[in-house]
Protein chains: 2
Amino acid sequence: MEKKIPYKIYLEEQEMPRQWYNVRADMKKKPAPILNPGTLEPITFEELSGIFCEELARQELDENTRYFDIPEEIRNFYKMYRPSPLVRAYCLEEKLDTPAHIYYKFEGNNTSGSHKLNSAIAQVYYGKKQGLKGVTTETGAGQWGTALSMACSYFGLDCQVFMVKCSYEQKPFRREVMRTYGAKVTPSPSMETKVGRKMNEEFPGTTGSLGCAISEAVEAALSQEGYRYVLGSVLAQVLLHQSIIGLETKAALDKYGIRPHMIIGCAGGGSNLGGLISPFAGEILRGEADYKLIAVEPASCPSLTRGVYAYDFCDTGKVCPLAKMYTLGSSFIPSANHAGGLRYHGMSSTVSELYAQGLIEARSVEQIEVFKAAETFARIEGILPAPESSHAIKAAIDEAIQCRESGEEKNIVFGLTGTGYFDLTAYQKYNDGEMEDYVPTDEQLRQSICGLPKVEIE
Amino acid sequence: MEKKIPYKIYLEEQEMPRQWYNVRADMKKKPAPILNPGTLEPITFEELSGIFCEELARQELDENTRYFDIPEEIRNFYKMYRPSPLVRAYCLEEKLDTPAHIYYKFEGNNTSGSHKLNSAIAQVYYGKKQGLKGVTTETGAGQWGTALSMACSYFGLDCQVFMVKCSYEQKPFRREVMRTYGAKVTPSPSMETKVGRKMNEEFPGTTGSLGCAISEAVEAALSQEGYRYVLGSVLAQVLLHQSIIGLETKAALDKYGIRPHMIIGCAGGGSNLGGLISPFAGEILRGEADYKLIAVEPASCPSLTRGVYAYDFCDTGKVCPLAKMYTLGSSFIPSANHAGGLRYHGMSSTVSELYAQGLIEARSVEQIEVFKAAETFARIEGILPAPESSHAIKAAIDEAIQCRESGEEKNIVFGLTGTGYFDLTAYQKYNDGEMEDYVPTDEQLRQSICGLPKVEIE
């Protein structure tokens with residue numbers, strides 16, 4: 001008998017996952033190994049643990065352990081803002097007049113405003129356990145930096161964030177949230193690192209780039225005793241921690257006997273998408289079930305739909321390990337697209353390999369239609385979504401409208417990664433009719449892709 | 001047997017209240033009636049329904065009906081963001097090393113960012129049912145305007161918000177949220193009303209005041225066919241709708257057999273405090289239980305602790321009904337206190353009468369210590385609180401520290417009304433050490449209070 005489905009499905013505390021799931025364990029063909037940027041050979045545990053703390057390096061390199069216990073301290077922190085609700089979008093269904101059932105997993109109900117906190121708290125916990133004094137990172141749009149500052153504040157670690165200068169100046173409120181959590185926020189390029197001073201000298205007045213901020217953060221970590229660098233997306237360890245999203249989603253669906261036909265996630269570096277789809281992809285890989293898994297990316301930064309699958313640097317500064325991934329080339333400069341979190345040139349190598357194996361389909365959407373979907377969703381479901389998340393909303397609405405036309409009663413599940421409270425400059429542009437679409441030309445992509453490093457592996 | 005108490009207590013959908021509670025029904029001595037500003041006589045239903053829609057006028061004047069059914073349409077809207085969690089602040093307790101158990105009812109998990117949505121949706125629903133085309137209102141800090149724009153968007157009513165010009169300019173993001181929900185936001189004083197044009201003529205370059213914005217909103221409502229004016233605090237109808245906060249809190253506590261020793265709320269116009277304490281005050285009034293009820297107000301605007309209990313105008317423009325309340329005088333201009341929502345010169349007449357009868361105790365706190373409590377709370381409990389809400393946090397922390405000293409295992413419950421994502425200018429001042437305390441002198445209060453209207457009622 002089908003139970004009446006409430007507007008919001010909350011798991012009980014005792015139903016919360018106690019382990020993360022490592023989807024690589026169920027992949028017959030594994031993602032290609034990450035490479036040492038100096039030698040271009042697969043990176044060793046010893047090399048990797050100079051950048052990341054040991055347990056994280058271990059998680060990064062472990063392709064075979066299916067489940068990792070979530071330490072009790074992390075589970076207690078999760079209890080402050082998790083389980084996040086799986087929401088049945090009754091109002092949106094009614095408005096769209098669709099027979100489809102729409103569900104979204106909402107990760108924005110915490111002060112960092114997004115899912116990034118799920119991995120930030122894990123990374124900081126392991127750093128603390130190893131006896132680190134602090135961590136360094138970079139932030140662009142600011143969601144990751146905010147999440148990291150919250151996690152560091154909780155476990156008492158020093159937090160140094162290099163924030164791309166134009167964001168630092170244009171998003172002063174993001175900066176203040178981080179400062180309220182005790183983080184040191186430095187506009188990048190700064191005068192505190194060699195690479196920053198060099199940039200400021202060569203390009204006076206530069207407003208910075210993510211690539212430079214990463215280089216500054218890595219340099220700062222390596223030059224301070226007891227510090228490590230941390231990263232909020234792309235890595236396998238991040239997908240592992242973010243699997244909590246998918247595990248909770250699956251538990252909530254199972255609780256009410258709901259079988260999803262498709263799972264939709266926005267895709268930047270792949271942290272949310274990978275975490276959301278992991279347990280479902282695992283079932284497909286084990287031959288237990290079949291789902292349509294859909295990645296939605298901005299047309300302005302289309303790594304899956306228009307990139308190539310090859311080894312590339314993860315950062316423009318070329319100091320981080322190389323990964324085999326769908327990439328537009330590390331020199332690709334995305335346009336001034338407001339979905340800041342989706343402006344990454346590459347894609348998690350696990351997501352990339354799943355895509356290459358045909359488990360995921362990808363589509364790209366343009367910015368103005370994304371904001372139109374965001375506006376519709378905000379007005380009907382009462383949540384102002386982040387621009388990033390709104391890519392998934394757009395695809396979910398499209399699918400629901402198709403169901404209206406076909407009469408199919410499909411179960412559509414999508415990830416609502418965060419809220420748009422710090423993205424109102426973009427909303428203002430949309431409200432004022434001043435937003436523009438942007439799609440790179442084939443020639444632009446050809447130029448950035450032709451500079452890929454030559455790697456002999458495989 | 002005591003059940004293990006989870007970090008967050010969520011009621012099931014079927015446990016949600018189906019009726020609002022009208023605390024006046026249990027008061028032997030009722031709050032004094034509101035008066036027609038023209039005649040200074042108790043206002044009639046006919047007079048009141050020219051300003052508010054009929055059902056709301058009825059609710060406003062009904063002192064005797066104990067419970068009002070919540071219409072199904074409103075209950076369905078509530079289900080999108082309610083029940084709100086009652087959170088056990090385990091982490092805060094540990095940090096304070098207190099034997100006290102601390103609980104907070106969190107009303108900030110919706111895009112309007114506060115409890116204001118509980119009444120906005122009700123007021124708009126009744127307006128829609130009466131066939132109105134739209135509503136007008138004023139907003140200062142912006143929480144009420146945002147909530148109203150969300151409610152109007154949901155029910156398809158036109159929404160006109162007069163936003164105090166300095167807020168309009170200093171809080172552009174609040175304005176953009178309202179615009180995203182389709183509201184027309186006009187900086188006040190505007191050139192669209194007589195009173196606005198007069199103000200702009202007499203005081204060129206003025207940045208406006210709440211009093212002027214109210215007058216503009218009332219004029220706009222009266223001059224448009226099918227429009228009514230709505231108000232987000234102070235009124236009895238607002239306390240009725242906000243009783244959902246207290247009813248849910250009580251149901252969640254009862255579910256786990258928890259008996260609160262005290263209920264703490266921040267107090268501006270009284271909408272949150274009144275709603276939170278209503279069911280508990282009812283039990284006290286009926287002789288069924290005893291609780292300590294604590295109102296916390298800013299030292300910069302101390303209506304309960306330093307005001308007089310007398311009839312006064314609810315607005316500086318003197319167009320709204322008069323109410324008997326604790327007041328600093330409608331000419332009182334609060335200092336530049338950042339807790340915008342608590343800058344009201346008066347206090348809900350129901351809360352005022354409960355205070356006069358000794359059911360509530362009041363205390364005032366200064367701004368810097370409020371932000372210090374906010375910072376502590378944000379870092380430990382992971383939620384960035386609104387400055388208004390932080391007044392209650394400050395009092396709860398003080399009580400928990402007293403319990404540490406006395407060794408008492410008290411149950412402390414407080415209302416966390418909202419989030420501070422749009423208050424980061426204030427946080428920045430605090431972070432930079434540039435925040436100042438302000439307490440009005442006795443002479444300042446004497447001057448604003450001596451101008452109270454002469455009313456012969458009673």
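Where is A:Asp423 found in chain A?

Modeller: Keep in mind that this is a predicted model. A:Asp423 sits in a loop of chain A. Strand β15 (411-416) lies on one side of that loop, and helix α17 (424-431) on the other. Is the residue buried or exposed? A:Asp423 has a relative accessible area of 7%. The cut-off for buried is under 20%, so A:Asp423 counts as buried.

Next, its contacts. Set aside the neighbours within four places in sequence. A:Asp423 is then in contact with A:Lys171, A:Ala386 and A:Pro387.

Now step out to charged pairs. Over all chains, the whole structure holds 52 salt bridges. One of them joins A:Arg58 to A:Glu55. Their closest N and O atoms are 2.9 Å apart. Both residues belong to helix α2 (residues 54-61) of chain A. They are three residues apart, so about one helical turn separates them. A:Arg58 is partly exposed, at 41% relative accessibility. A:Glu55 is partly exposed too, with a relative accessible area of 25%.

B:Arg179 forms a salt bridge with B:Glu176. Here the closest N and O atoms are 3.1 Å apart. The two residues lie in helix α8 (residues 172-180) of chain B. Again the spacing is three residues, about one turn of the helix. Look at how the partners sit. B:Arg179 is partly exposed, with a relative accessible area of 27%. B:Glu176 is buried, at 0% relative accessibility.

A further bridge in chain B links B:Lys184 and B:Glu192. Their closest N and O atoms are 3.0 Å apart. B:Lys184 is partly exposed at 39% relative accessibility, and B:Glu192 is partly exposed at 47%.

Salt bridges can also join up. In chain A, a network of them links A:Asp26, A:Arg66, A:Arg286 and A:Glu288.

Last, the two chains together. Chain A can be laid on chain B with an RMSD of 0.0 Å. That takes a turn of 180 degrees and a shift of 0.0 Å along the axis. The two copies are therefore related as by a two-fold rotation axis. Both copies use the same surface: 100% of the contact residues of chain A recur in chain B.

To return to your residue: A:Asp423 is a buried residue in the loop between β15 and α17 of chain A.

Key. Residues are numbered from 1 along each chain as its sequence is written. Chains are lettered from A and ligands numbered from 1 in the order in which they are written. This is a predicted model: local features need pLDDT of at least 70, side-chain atom pairs count only at pLDDT 80 or more; totals for chains, interfaces and linings use all residues. Side-chain values use heavy atoms; hydrogens and water are left out. Copies are superposed by least squares on the C-alpha atoms of residues with pLDDT of at least 70 in both. Contact means heavy atoms within 4.5 Å. Helices (H or I, at least four residues) and strands (E, at least two) are DSSP runs, numbered from the N terminus. Buried means under 20% relative accessible area, exposed over 50%, partly exposed in between (1.4 Å probe, protein chains only). A salt bridge is a side-chain nitrogen of Lys or Arg within 4 Å of a carboxyl oxygen of Asp or Glu.
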